[in-house]
Amino acid sequence: MIHFQSRKKDFNYVLLEKYQKKIGAFPQQYIEFLKEYNCGVPEPNIIKINNDEDNQISIQYFLGISKNKKEDIFSQYKFWKKYLPNGFLPIAYTEGGGLVCLSLNRSNFGAVHFWDHDDESVVEIGTDIDAFLHHILEYDAEKDDGEDLVIEEEWVDPEFQKLIKKGRI
């Protein structure tokens, strides 16, 4: 079961209407989600990409209606729209800077996608917001042995190294 820590309790209907006039209509399921979990942080927060155990994303937080531009769906849409596929609305940030997006296109209206900012690839991760939310899993530390991790480069801030040498850390 998913629990949300809501960072913004106040939901502004006037701004929602304004955003839809500028961006396009949002699916009703997503509007209900916004009303309930505006700018929420999900727990658990793991999504498998293509049901692949080794290809997962971790949702950092959902966007919503907010005065904080970092959390505001319209502010983030304005910033990301030149990079995202046409008709995609960013709705959440993932660890590592990827985006979970909602399609506002007629062909797949309401479908949820993961957009990888590194290679700009797009993968559908839910036919709608409810299907997407049902795919969220808990992190399983026992399955993550870290064997596939490779340290390519190591860097330690020189000021931090000085503190370590002085025994302050």
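**Notes on the predicted model**

1. Strand S6 is covered on both faces, with Leu99, Cys101 and Ser103 buried on one side and Val100 and Leu102 buried on the other; buried here means under 20% relative accessible area, with exposed over 50% and partly exposed in between (1.4 Å probe, protein chains only). Since 5 of the 5 residues of S6 are buried, the strand is largely enclosed by the rest of the structure. Helices (H or I, at least four residues) and strands (E, at least two) are DSSP runs, numbered from the N terminus.

2. A word on the basis of these notes: this is a predicted model, in which local features need pLDDT of at least 70 and side-chain atom pairs count only at pLDDT 80 or more, while totals for chains, interfaces and linings use all residues. Residues are numbered from 1 along each chain as its sequence is written, and side-chain values use heavy atoms, with hydrogens and water left out.

3. As for the protein overall, the secondary structure comes to 5 helices and 8 strands, and from the N terminus on the elements run β-α-α-β-β-β-α-β-β-β-β-α-α. Buried residues make up 40% of the 169 residues.

4. The partners of S6 can be taken in turn, where two strands pair if DSSP finds at least two bridges between them. S5 and S6 run antiparallel and are joined by 5 bridges, with Ala92 standing opposite Val100. These two strands form a hairpin with 4 residues between them, and Gly96 in the turn has a positive phi of about 95°. S6 also runs antiparallel to S7, to which 4 bridges join it, and the bridge partner of Cys101 in S7 is His113.

5. Helix H3 (residues 73-80) has 6 of its 8 residues buried, and is therefore largely enclosed by the rest of the structure. Its buried residues are Ile73, Phe74, Ser75, Gln76, Tyr77 and Trp80. What covers them includes helices H1 (13-23) and H2 (28-37), together with strands S5 (88-94), S6 (99-103) and S7 (112-115).

6. In helix H2, the residues Tyr30, Ile31, Phe33 and Leu34 are buried. They cover an arc of only 160° around the axis (taken from the directions from the helix axis to the C-beta atoms), which puts them on the same side of H2. Just after this helix, Cys39 takes a positive phi of about 60°.

7. Phe33, found in helix H2, counts as buried because its relative accessibility is 4%. Not counting residues up to four places away in sequence, Phe33 touches Phe4, Asn38, Phe62, Ile129 and Leu133, where contact means heavy atoms within 4.5 Å.

8. Which residues have the most contacts inside the largest nonpolar core? In this core of 43 residues they are Phe26, Tyr30, Phe62, Leu89, Ile91, Ile125 and Phe132, and the largest share of the core, 5 residues, comes from S5. Such a core is a set of buried Ala, Val, Leu, Ile, Met, Phe, Trp, Tyr and Cys residues joined through side-chain atoms within 4.5 Å. Ile125, leaving aside its neighbours within four places in sequence, is in contact with residues including Ile47, Ile49, Ile57, Val100, Val112 and Phe132.
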